[in-house]
Amino acid sequence: MIEMQRRTSWLKNTIGLCLILLSILALTIQWMDLSINTGSLHKSNKVDHFPEVSCSIKCPRTTPNEPEFSSSSESCPEYFRWIHEDLRPWKDTGITREIVERAREVAHFRIVILDGRVYFEKYKPTFQKRDMVTLWGILQLLRFYPGMLPDLDFVFECGDQPVTQKSDYEKSKDSIPPPLFHYCGNESSFDIVFPDWSFWGWPELNIWPWETLKKDLQQSNEMTKWTEREPYAYWRGNALLGEARRDLLKCNVSKKQDWNARIYGLQWPLERRQGYKTSDLASQCTHRYKIYIEGLAWSVSQKYILACDSVALLINPHYYDFFARSLLPTIHYWPINENDKCKSINFAVDWGNKNAKKAQEIGKAGSKFVHDELQMKYIYDYMFHLLSEYAKLLKYRPTVPREAVEVCSDTLICSTKGPRKKFRVHSMVNNVSSSEPCTMPTPWSPADLQDFIERKENLTKQVELWEETQSI
């Protein structure tokens with residue numbers, strides 16, 4: 001009897017142990033299947049790789065469904081055409097995993113999106129957490145258009161200047177440049193231009209997210225009409241960034257000369273200590289003319305300057321962001337000769353003050369461009385179309401890099417505090433878009449693109465001729 005009880009007890013224990021082992025094995029297989037499908041044998045929520053995602057919150061496991069829109073799509077702004085041009089280098093060859101991974105040598109981070117889930121791999125630090133704000137913007141895109149982005153694998157560079165130089169790939173027709181996303185480009189680079197971080201705020205400089213700041217700028221425009229503003233050209237910024245800005249200081253008013261310019265250097269450490277009293281952008285729409293000048297490369301200030309209803313005086317830009325290539329001289333802005341800045345600025349102000357109606361039209365057109373065509377809906381639409389068109393070029397199925405971490409809006413909010421957290425909460429997308437992404441315009445034909453470029457050049461040459469002949 002006792003022996004039978006022992007055998008029964010042993011059998012129950014053995015069966016229980018087997019069931020436990022089978023459960024562990026099943027969970028292990030399930031986890032390995034998930035890892036194999038994503039190309040990684042690491043946990044998807046690993047948080048020990050970089051401190052910016054140090055939160056233990058887990059991202060939702062459900063796959064988002066595509067939204068049902070209440071309204072149909074509209075046509076995208078004309079500057080969306082540049083998406084086709086930026087991706088043209090890979091149109092015939094497509095994009096392989098090899099050339100994407102080649103870009104990691106110069107990139108700051110890599111993003112993989114699989115079934116609506118986002119995985120982030122950090123390569124190196126960035127200035128003022130630009131990488132995390134850019135990642136935040138991409139996460140908001142997925143909240144705005146849930147379940148609509150295709151699987152993606154791309155790398156991003158967060159510095160000021162373009163990186164992928166065309167001259168490095170001109171010697172061989174078989175040499176394919178790595179696709180590198182960046183905030184700006186120029187005529188000598190292959191960088192793929194993407195909306196910059198400041199659309200979701202720049203906490204280090206107390207610059208609020210674009211949707212809020214745009215409203216503040218509009219209210220400022222309504223408070224001070226163009227004719228009531230100071231009849232001079234205004235610039236305030238960091239004069240230490242680049243030779244061109246240091247040269248601009250020479251155009252400031254002095255006892256010997258008045259070039260119709262009012263130039264103010266800005267020291268950000270001092271500005272922070274004083275509570276940003278003189279750098280509030282909405283309080284700077286007080287002059288009829290505002291100067292835009294590049295720093296080390298393109299500057300995020302361009303949209304703020306254009307938004308003021310003032311005539312934007314653009315000092316011969318060498319770089320462009322995602323929308324600037326569609327701006328036209330004497331239509332949206334007034335071109336300034338970089339080789340003779342002071343005289344050129346002086347002429348522009350004299351011309352505008354004597355042709356006030358036309359000057360106001362230029363100021364209004366530039367302002368209308370950024371207020372109407374840079375709504376956050378269009379920013380997300382541009383990101384959506386750029387990434388969707390890029391995904392069509394991929395010749396492989398993306399997988400998650402071994403060192404990548406899964407991220408979502410909740411983990412990025414949980415992992416920060418202070419102004420950065422405040423700006424993220426303020427710029428979070430809380431509602432799915434009510435309408436579809438806008439309809440992409442067709443690519444430029446070679447002839448149409450050449451006509452557009454020549455039109456810009458001819459409009460600039462017209463202003464140069466007026467300056468030479470002092471035709472006011």
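Biologist: Is the link of Cys-59 and Cys-408 left-handed or right-handed, and how do you know?

Modeller: The angle about the S-S bond is -95 degrees, and the link of Cys-59 and Cys-408 is left-handed. Please keep in mind that this is a predicted model, where local features need pLDDT of at least 70 and side-chain atom pairs count only at pLDDT 80 or more, while totals for chains, interfaces and linings use all residues. Residues are numbered from 1 along each chain as its sequence is written, and side-chain values use heavy atoms, leaving out hydrogens and water.

Biologist: Why is the pair Cys-59 and Cys-408 called a disulfide?

Modeller: The term asks for a pair of cysteine sulfur atoms within 2.5 Å. For Cys-59 and Cys-408 the S to S distance is 2.4 Å, so the pair meets the definition. Cys-59 sits in the loop between α1 (2-38) and α2 (82-87) and Cys-408 in the loop between β11 (405-407) and α12 (409-414), so the bond ties together parts 349 residues apart in sequence.

Biologist: How many disulfides does a search of the whole structure find?

Modeller: The search finds 4.

Biologist: What makes Cys-251 and Cys-342 another one of them?

Modeller: Their sulfur atoms are 2.2 Å apart, and they form a disulfide. This one is left-handed because its S-S torsion is about -90 degrees. Cys-251 lies in the loop between α6 (243-248) and β7 (261-265) and Cys-342 in helix α9 (residues 341-354), so parts 91 residues apart in sequence are tied together.

Biologist: And how do you know that Cys-285 and Cys-308 form a disulfide?

Modeller: Here the sulfur atoms are 1.9 Å apart. With -65 degrees about the S-S bond, this link is left-handed. Cys-285 is in the loop between α7 (268-273) and β8 (287-292), and Cys-308 is in the loop between α8 (301-306) and β9 (311-315), 23 residues away.

Biologist: Back to Cys-59: why does that residue count as buried?

Modeller: Buried means under 20% relative accessible area, exposed means over 50%, and partly exposed is in between (1.4 Å probe, protein chains only). Cys-59 has 4%, so the residue counts as buried. Cys-408, at 12%, is buried as well.

Biologist: Why is Leu-374 called buried?

Modeller: Leu-374 has a relative accessible area of 0%, so the label is buried. Leu-374 is in the loop between α10 (356-373) and α11 (376-393). Leaving aside neighbours within four places in sequence, its contacts (heavy atoms within 4.5 Å) include Tyr-79, Trp-210 and Phe-322. The C-alpha atoms of Leu-374 and Pro-77 are 9.0 Å apart, although 297 residues separate the two along the chain.

Biologist: What makes α11 mostly covered?

Modeller: In α11, 16 of the 18 residues are buried.

Notes
Helix = DSSP H or I, 4+ residues; strand = E, 2+ residues; numbered from the N terminus.
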